[in-house]
Amino acid sequence: MSDSDAMLDLAVNIGELRLKNPVMVASGTFGYGPEYADLVDLSKLGAMVVKGIRKIPWEGNEPPRMVEVPGGLVNAIGLQGPGAQGFVDKYIPFLKQYDVPVIVNIWGTTLEEYGEVAAILDAADGVHALEINISCPNVKEGGIAFGTNVDTAANVMQMVRKNTRLPVIPKLSPNVPNIGDFAKIAEQCGCDAISLINTLPAMVIDIETRRPVLTNTVGGLSGPAIHPVAVKLVWEAAAAVNIPVIAMGGIQNAQDAIEFILAGASAVAVGTANFVDPMTPLTVIDGIADYMRRHNVQRFSDLIGALDVH
Amino acid sequence: MAVSLVRSHSEKQAGYRELVLEAPTIAPLVRPGQFVHLRIPRLEHRLLRRPFSIFMADQDTLTILYKSVGTGTQLLTQVEQGEAVSLLGPLGNGFPEPNNDHIPLLIAGGYGVAPLYLLASRMARTGVLFVGGRTRTDILCDDEFEALGWDVQIATEDGSRGIQGLVTSALDAWAANNAGAEPAELFACGPDGMLRAVGERAITHNWKGWLSLDKHMGCGMGACLACVQRIRQPDGSIEWERVCKDGPIFEAREIVWEQENEDNHE
């Protein structure tokens, strides 16, 4: 490590959560921890965001659940998961071996369920923050059904806030007319940060069979194709609030991440790219450090929102 | 994960190619039935890796045997000697250790013969290979199995080689003459329809039937939950398992086939 490296400060705060660097892995793209632990030292990540959990175990959708499209994937996994207690029992002991904040993505089909999941995870030692999923397009109830209306979104945020002392991070849907309204509601509800974007609702048709490729008919588009859409929404959301913004959407490399940061994001999450190259979060961390050296920036926080708009 | 150099790449027979990769960190670890997840060079605007069964492996190299069927495998045919290819592997669990008191019956559909050849080459005893295909040019590796001392039974749908019909017809003919003479254990790789039919034979004859499933995969490492299959658990419950991580080999009695599941719901 050179002298200039010793001075580089990549740390960032998300509410009371201190991250050693601003690069997380996005919910649903890194499993619950063990899946990639042989390849990637989880302690090197800024945070580990685990796949969406509701109160009870959930089967998810019938396969086919994923289809590749130019520049991305359309998925309709449907939030298959072990349930809140199942997660706590099965995965927390594993995750505790690592020096990494664990953020649990939570969802429910009713307002009450969101509150119950929050309370269960609040009581579990080893959970460091909750990301509220009000934006998944792949479940018939819950998810996006709450996230595209300001009032229902606010109800969920307040319910979760009431049931936990952990930092609360609603994950916003891109599928709204004005993202700033949803960002502001999160801030007013006492949320510690916001994350965006979830996948964009999408559909793929097999023209030979004349059927939708996904059994769920529709799914969510992720991957590099959505990155510019996400940058614009992150920029708008960051301008609307003072709480930190965690940005995700098509990050493949440090350049993609830095765009988000200049647009106002305090941290980023790598998603779909993990499926292709699980080392991507680590190369993004290194790339951000390189960029800081090249631009003589010693503290990462000085880069946040450092966009020069015409 | 490794970047591998292509040592050689050649046509095996019409439509089928053999790709030999230098992979000294992966190849020595390979167990029969495992796969590698390969990023296809020049496959632009497509993100995902493609899974390939491992056909041969030694200390330094591993070989895959593939058929050019879609955009990905067509582009793969252009990969040249010396070119770098990104590999993840070896992935999946592979076949269980064969029971040497049982005669091994290997059932292959087309290039599904690839992982079975690796299995046979490491077995302590010989057995019978049943290999089927649409036509004679879809029959692969019969020479290699014969060189190992295996009995090779061939079936083609058009009758251009071996018996006319499905590979299960060849298996049924063998079973009619030999079942009961010696306990058998069955290992199969091929399309779903074939695997299901083979699994039914395993159950009928009271053989263990190890079936290698092929499902569209995302990550190949158990994270994305795209390639799930319903699997009967020891307690009788039915749960999703990940073909990439928990499989790709499952025992015939564990697999809850799609139609079967729909029937159960009706």
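The model is predicted, so local features need pLDDT of at least 70 and side-chain atom pairs count only at pLDDT 80 or more, while totals for chains, interfaces and linings use all residues. Residues are numbered from 1 along each chain as its sequence is written, chains are lettered from A and ligands numbered from 1 in the order in which they are written, and side-chain values use heavy atoms, with hydrogens and water left out. Helices (H or I, at least four residues) and strands (E, at least two) are DSSP runs, numbered from the N terminus.

**Antiparallel sheet of chain B**

- An open sheet of 7 strands in chain B has the order E4-E3-E7-E1-E2-E6-E5, with antiparallel pairing; two strands pair if DSSP finds at least two bridges between them.
- Strand E4 (50–53) and strand E5 (56–57) of chain B are at the edges with a single partner strand each, so one side of each has no neighbour in the sheet.
- E5(B) is joined by 2 bridges to strand E6 (residues 61–67) of chain B, and the two run antiparallel.
- Opposite B:Met56 stands B:Thr63 in E6(B).

- B:Phe187 has B:Trp210 in E13(B) as its bridge partner.

**Helix H3 of chain A**

- Helix H3 (residues 84–95) of chain A has these buried residues: A:Ala84, A:Phe87, A:Val88, A:Tyr91, A:Ile92, A:Phe94 and A:Leu95. Buried means under 20% relative accessible area, exposed over 50%, and partly exposed in between (1.4 Å probe, protein chains only).
- These residues lie on the same side of H3(A) because they cover an arc of only 160 degrees around the axis; the arc is that of the directions from the helix axis to the C-beta atoms.
- A:Asp89 and A:Lys90 are exposed on the other side of H3(A).
- The cover over the buried residues of H3(A) includes helix H2 (34–37), strand E4 (47–53), strand E7 (102–106) and helix H4 (111–123) of chain A, where contact means heavy atoms within 4.5 Å.

**Second largest pocket**

- The second largest pocket has a volume of about 590 Å³.
- Its lining has 20 residues, and A:Gln80, A:Pro82, A:Lys90, B:Glu239 and B:Trp240 lie nearest the centre of the pocket.
- H2 and H3 of chain A and strand E15 (238–242) of chain B are the elements that give two or more residues to this lining.
- E15(B) gives the most to the lining, with 5 residues.
- A pocket is an open set of points on a 1 Å grid over the protein atoms alone, where a 1.4 Å probe fits, with protein on both sides within 12 Å along at least five of seven lines; lining residues have an atom within 4 Å of a point.
- A volume is the space filled by probe spheres set on the points, which are joined across faces, edges and corners.

**Strands E14 and E15 of chain B**

- Strand E14 (residues 228–232) of chain B is mostly covered, with 4 of its 5 residues buried.
- E14(B) and E15(B) run antiparallel and are joined by 5 bridges.
- B:Gln229 is opposite B:Glu241 in E15(B).
- The hairpin of E14(B) and E15(B) has 5 residues between the strands, and B:Gly236 in this hairpin takes a positive phi near 95 degrees.
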